[in-house]
Amino acid sequence: MAEESVRSLVGEAERQLADAGVPSPDVDAQLLMAHVLAVPRAQLIVAPNPTAEQVDRYQHLVDRRSAREPLQHITGEAYFRHLRLHVGPGVFIPRPETEILVDIAIADLESVRRIDPTAPVTVVDLCTGSAAIPLAIATELSGVRATAVELSPDAAQWARRNIAAYDEQLAAAGSSVGLIVGDARTAATLLSALNGTVEIVTCNPPYIPDAAIPRDPEVRDYDPDIALYGGPDGLDIVRDIVDQAAFILKPGGLLLIEHGDEQGSDVDPAGVPATVAANTRFTDIRDHRDLGARPRVTSARRR
């Protein structure tokens, strides 16, 4: 059997993935080859021709992706900011859109640090999934005491694995991330020792209305329902999170909730900003846009 070059194999895979409707066939074809060869994607241009065994494995993975299995499930990892996270069945795959929430959180904590550079800061992340949000905050800043809460035992296993994987980086930053397996809707009870002391509560909750089934098979068929659907209007969990955060946050503490682009204040007058405003214990309610200029994160201050 004649050797096949990386370039020709990736080109064939790209055409197969495009025919299957994969949104980014070129990138996925390259990432799958990089995964098989165990090299960074940037080094594919100088990579040696794959062995026959690697060619067979590559084709198998391309076939899986053509069936619309998420790329992250195939490779077992997802990238979020500087993190390389373990993911797979049972946990929501972190999206780049969520990075804007982390940007806001870090900017706020940095302003707190300017007032008192030595004080540790306390963060709670509800509906944590893979623990992407608290890990990003706690490894990018020093002295962060983060607690992640996750209801699903399956997702909690992935969160626990990711926290362990970043043990050294957390220690180097003087930070920590703890995990509680429990219902975010009862967070004030789960975290009673922290009530009234937390600087920031973050949350990327399930916010898709029950009847709004996602079109993309990668989301519809693979992301766990518990991480997607939030009741008839998608805001059932959001309402509970707002109520819980009112007890957890210190006065002046910041609440950050991610939401769908159709749930922003300039799209839906009854969306997430209005839901937060309905709780009179919050003020300074703002809606923030992601890099695609879509409403994505609502912030509010505890009175």
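This is a working chat about the predicted model shown above.

Biologist: Before we start, what should I keep in mind about the model?
Modeller: The model is predicted, so local features need pLDDT of at least 70 and side-chain atom pairs count only at pLDDT 80 or more, while totals for chains, interfaces and linings use all residues. Residues are numbered from 1 along each chain as its sequence is written, and side-chain values use heavy atoms, with hydrogens and water left out.

Biologist: How many helices and strands are there in the protein chain?
Modeller: The protein chain has 12 helices and 9 strands, where helices (H or I, at least four residues) and strands (E, at least two) are DSSP runs numbered from the N terminus.

Biologist: And how does the radius of gyration compare with the globule rule?
Modeller: The radius of gyration is 21 Å, close to the 19 Å that the rule gives for 303 residues, so the chain is as compact as a globular protein of that length. The radius is taken over C-alpha atoms, and the rule is 2.2 Å times the number of residues to the power 0.38. Along its principal axes, the C-alpha trace spans about 70 × 45 × 35 Å.

Biologist: What share of the residues is buried?
Modeller: Buried residues make up 50% of the 303, with buried meaning under 20% relative accessible area, exposed over 50% and partly exposed in between (1.4 Å probe, protein chains only).

Biologist: Which residues have the most contacts inside the largest nonpolar core?
Modeller: That core has 31 residues, and those with the most contacts inside it are Leu135, Ile137, Val144 and Leu256. The largest share of this core, 7 residues, comes from H5. A nonpolar core here is a set of buried Ala, Val, Leu, Ile, Met, Phe, Trp, Tyr and Cys residues joined through side-chain atoms within 4.5 Å.

Biologist: What is Ile137 in contact with?
Modeller: Leaving aside neighbours within four places in sequence, Ile137 is in contact with Val102, Ala105, Ile106, Leu109, Val123, Val144 and Thr202, where contact means heavy atoms within 4.5 Å. A second, separate core of 24 residues includes Val149, Ala184, Leu191 and Val198.

Biologist: Back to H5, what is its span?
Modeller: Helix H5 (residues 99-115) has 17 residues and reaches 25 Å from its first C-alpha to its last, close to the 24 Å expected at 1.5 Å a residue, the expected span being 1.5 Å times one less than the number of residues. Its buried residues include Ile100, Leu101, Asp108 and Arg113.

Biologist: Switching to the other end, where does Arg301 lie, and what does it touch?
Modeller: Arg301 lies in strand S9 (residues 295-302) and counts as partly exposed because its relative accessibility is 23%. Not counting residues up to four places away in sequence, Arg301 touches Asp108, Gly252, Gly253, Leu254, Arg281, Phe282, Thr283 and Asp284. Asp108 is also one of the buried residues of H5.

Biologist: What does its side chain reach, and at what distance?
Modeller: The side chain of Arg301 reaches the backbone oxygen of Gly252 at 3.0 Å.

Biologist: Last one: is Gly271 buried or exposed?
Modeller: Gly271 is buried, with a relative accessible area of 0%, and its place is in the loop between strand S7 (249-258) and helix H12 (272-277). Neighbours within four places in sequence aside, Gly271 is in contact with Leu235 and Gln263.

Definitions and conventions
Polar contact = N/O pair within 3.5 Å; in protein donor to acceptor, adjacent residues only side chain to side chain.
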